[in-house]
Amino acid sequence: MRALEVGHVPELIICDEAALPTLEGIGDHLSTATVVTADEATRKAATGLGVALPIVALFPKPPLVDHSELIARNDRIIILSQVDNPTNVGAIVRSAAAFGFTGLVLDGESSDPFARRALRVAMGTTFQLDIARTGDAEELFATLRSAGFDSYAMTPASDAVDLSGVKAGRRVALVLGSERDGLSDDWMRLAGHRVRIPMAAGVDSLNVAAAAAVACYGLTRRNG
Ligand SMILES: C[S@@+](CC[C@H](N)C(=O)[O-])C[C@H]1O[C@@H](n2cnc3c(N)ncnc32)[C@H](O)[C@@H]1O
């Protein structure tokens, strides 16, 4: 439904015969899709989920956008470096959508947000975001700076600034790193601000998706 709501057009719809009237209610933009009815086992096999959904739709994968265009038209952006687990990428997308971050920029080593697992975890919110990929971090941060963005490199390091003290501006880029090594020194330098979410003593770090949710919420509240 989320993909439909933001104007994506399905190629194929597989549905339970009893759900056909629901499709008629959805409207004109389904007119180009091939519609087939299928039994429970087929609908289950189509998604790989444990339950047979009454309606399953196949959409063309949306194209990535150019990162400069993404920066021009979004005020809140999440940037991922080496986040290579699709479950984490999906959970980050879901938090981004929930807290009003509308752009996602991936480096060359982060997972595809349209991978099946990532899409499922994101509950389809992936279709709401502008998504770009670039391998040139220097150029990416230079473009963000000249567009008036404050970039916050999230790190559990104890000498980083506590998130609760951050007064974010109108244009915000939140930068998150890999589950293994975190953000490299280069990425921290390029982002400029280093920000931490305080944790209990003896805890090394949060999962990257949990950190993204807390940081998105923290920066959203402060921006009113
Ligand atoms: C599992 S952590 C990486 C741990 C790595 N040892 C480090 O020092 O960054 C994955 C990512 O989540 C974010 N993160 C995790 N815990 C955080 C915290 N307490 N404060 C801010 N960011 C955090 C950072 O962006 C980090 O790169």
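Where does G100 lie? Select G100 in this predicted model: the residue sits in the loop between α5 and β5. With 35% relative accessibility, G100 is classed as partly exposed, because that value falls between the 20% and 50% cut-offs. R76 and G100 are 24 residues apart in sequence, and their C-alpha atoms are 7.1 Å apart in space.

**Whole chain**

Zoom out and colour by secondary structure. Nine helices and ten strands make up the list of elements in the chain. The C-alpha trace spans about 60 × 40 × 35 Å along its principal axes. Of the 224 residues, 42% are buried. Take the contacts between residues at least 6 apart in sequence: 74% of them join residues at least 24 apart.

The accessible area of the chain is about 11,200 Å², and carbon and sulfur atoms account for 52% of it. For the charges, colour the 21 positive and 27 negative ones; the mean positions of the two sets are 6 Å apart.

**The largest nonpolar core**

In soluble globular proteins, nonpolar side chains tend to be buried together. Hide the surface and select I78, L80, L174 and L219. These four touch the most other members of the largest nonpolar core, which has 35 residues. To see where the core comes from, show α1 (2-5), β4 (76-80), α5 (86-98), β5 (103-106), β7 (150-154), β9 (172-176) and α9 (208-222); each of these elements contributes at least two residues. The largest share, seven residues, is supplied by α9.

Centre the view on L174. Setting aside neighbours within four places in sequence, L174 contacts I77, I78, I79, F101, Y152, M154, A212, A215, C216 and L219.

Another core lies apart from this one; it has 20 residues, including A137, F141, L183 and L190.

**H67**

The last stop is H67, in helix α4 (residues 67-73). Is H67 buried or exposed? Its relative accessibility is 11%, so H67 counts as buried, the cut-off being under 20%. Which residues does H67 contact, leaving aside neighbours within four places in sequence? They are A132, T134, E139 and L140. Show the side chains of H67 and E139: a polar contact of 2.6 Å joins them.

Key. Residues numbered from 1 in each chain as written. Predicted model: local features only at pLDDT ≥ 70, side-chain atom pairs only at ≥ 80, totals over all residues. Heavy atoms only, no water. Core = buried A, V, L, I, M, F, W, Y, C linked by side-chain atoms within 4.5 Å. Buried < 20%, exposed > 50% of the residue type's maximum accessible area, 1.4 Å probe, protein only. Helix = DSSP H or I, 4+ residues; strand = E, 2+ residues; numbered from the N terminus. Contact = heavy atoms within 4.5 Å. Polar contact = N/O pair within 3.5 Å; in protein donor to acceptor, adjacent residues only side chain to side chain. Areas by Shrake-Rupley, 256 points an atom, 1.4 Å probe, with all protein chains shown as cover. Lys, Arg positive; Asp, Glu negative; His and termini not counted. Charge placed at Lys NZ, Arg CZ, Asp CG, Glu CD.
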